[in-house]
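The sequence and structure come first.

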Amino acid sequence: MAFFLETLTGGLMAGMLYSLVALGFVLIYKASGVFNFAQGAMVLFAALAMARFAEWIPAWTGITHPVAANVLAFIAAGGVMFAVAWLIERLVLRHLVNQEGATLLMATLGITYFLEGLGQSLFGSDVYKIDIGMPKDPIFALESMFEGGILINKEDVIAAAIAAALVAALSVFFQKTATGRALRAVADDHQAAQSIGIPLNRIWVIVWCVAGVVALVAGMIWGSKLGVQFSLATVALRALPVVILGGLTSVPGAIIGGLIIGVGEKLSEVYLGPFVGGGIEIWFAYVLALVFLLFRPQGLFGEKIIDRV
């Protein structure tokens, strides 16, 4: 039982991180109706900015305290992501208002390659480290209930708590604020939203800024765990099954989908892996997403395409 709970906990922790990346996809889709292939590049770009500013700020300002340096680096990287969002809207999306979804999709592909190239030019192509002080040592929990306790990685717990807090803040933002309601109106119908005075261009800037902050938090956490390298852009591929499972239009779906994927990967690898030679964790999520595409393409909480027309 203890081993099962340990595996389950590890899956939940990984699932929250998947959900964090998947949120970027959901936010952009809710505002523009297009799947944002640039989300992985945004995570990479934000992580590169965070890592490099954490190195540069102590040299520029003389501030050597790690907490202060990281806070300033986060603010600076956030400013960079806001600038990227504004430029994307000004130079690309503004000229594609009310265009077909395929046109917007190709635009995000172009943004992907541009951000990857720009990130390498501005910040370099080495492997960088983000040290935000998250503890690496594991802990043993519930020792009074189970012999030896349950092994839990403290870094995963803190990362999951950060992801959960951000998800909760975004849920409140979408449901309780006027800007959030405007974002949902734009997601339902661009032309109808414009007809009642909602400025589509400004809404797109806001949602790309929010997605940029989400990418920054995701990049900071993944960079702390894995190091900042250009393969980090592929972490978005791990989130694709999450949005397919949860639904492209649902923030709660991204959360629950991430938890299901995370837990399913860990449990299937541990309990089914020995019978098939292992490696289930690599492809489990994609097979599960394929099943949902066949039987429920809108995902668990997504809307049917016909309802959005």
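A residue is called buried when its relative accessible area is under 20%, exposed when it is over 50%, and partly exposed in between. On that basis, 48% of the 309 residues of the protein chain count as buried. The model is predicted.

**Overall fold**
- The protein chain contains 13 helices and two strands.
- Its radius of gyration is 20 Å, close to the 19 Å from the globule rule for 309 residues, so the chain is as compact as a globular protein of that length.
- Along the principal axes, the C-alpha atoms occupy a box of roughly 65 × 55 × 35 Å.
- Among contacts with a separation of 6 or more, 74% join residues 24 or more positions apart.
- The accessible surface is about 14,400 Å², and carbon and sulfur atoms contribute 67% of it.

**Helix H5**
- Helix H5 covers residues 154–176, which is 23 residues.
- From first to last C-alpha it reaches 33 Å, close to the 33 Å expected at 1.5 Å a residue.
- Its buried residues include Ala159, Ala163, Leu166, Leu170 and Phe173, as well as the acidic Glu155 and Asp156.

**Salt bridges**
- The whole structure has three salt bridges.
- Asp156 pairs with Lys225, with the closest N and O atoms 2.6 Å apart. Asp156 lies in helix H5 and Lys225 in helix H8 (residues 200–226), so this pair ties together parts that are 69 residues apart in sequence. Asp156 is buried at 19% relative accessible area, whereas Lys225 is partly exposed at 28%.
- Glu281 pairs with Lys266, with the closest N and O atoms 3.0 Å apart. Glu281 is in helix H12 (residues 280–295) and Lys266 in helix H10, so the bridge ties together parts that are 15 residues apart in sequence. Both partners are partly exposed, Glu281 at 23% and Lys266 at 26%.
- Arg52 and Glu55 meet at 2.6 Å, N to O. They are three residues apart in helix H2 (residues 39–61), and therefore separated by about one helical turn. Arg52 counts as buried at 15% relative accessibility, while Glu55 is partly exposed at 38%.

**Nonpolar surface patch**
- Met1, Phe3, Phe4, Val270, Tyr271, Leu272, Phe275 and Val276 make a nonpolar surface patch of about 840 Å².
- Helices H1 (2–32), H10 (251–271) and H11 (273–276) each supply at least two of the patch residues.
- Phe275, in helix H11, is exposed, with a relative accessible area of 72%.

How values were computed
Residues are numbered from 1 along each chain as its sequence is written. This is a predicted model: local features need pLDDT of at least 70, side-chain atom pairs count only at pLDDT 80 or more; totals for chains, interfaces and linings use all residues. Side-chain values use heavy atoms; hydrogens and water are left out. Patches are made of residues with over 30% relative accessible area and no salt bridge: like charges are joined within 9 Å, nonpolar side chains (Val, Leu, Ile, Met, Phe, Trp, Tyr) within 5 Å. Accessible areas come from the Shrake-Rupley method with a 1.4 Å probe; for residues, only the protein chains shown count as cover. A salt bridge is a side-chain nitrogen of Lys or Arg within 4 Å of a carboxyl oxygen of Asp or Glu. Helices (H or I, at least four residues) and strands (E, at least two) are DSSP runs, numbered from the N terminus. Buried means under 20% relative accessible area, exposed over 50%, partly exposed in between (1.4 Å probe, protein chains only). The radius of gyration is taken over C-alpha atoms; the globule rule is 2.2 Å times the number of residues to the power 0.38. Contact means heavy atoms within 4.5 Å. The expected span of a helix is 1.5 Å times one less than its number of residues.
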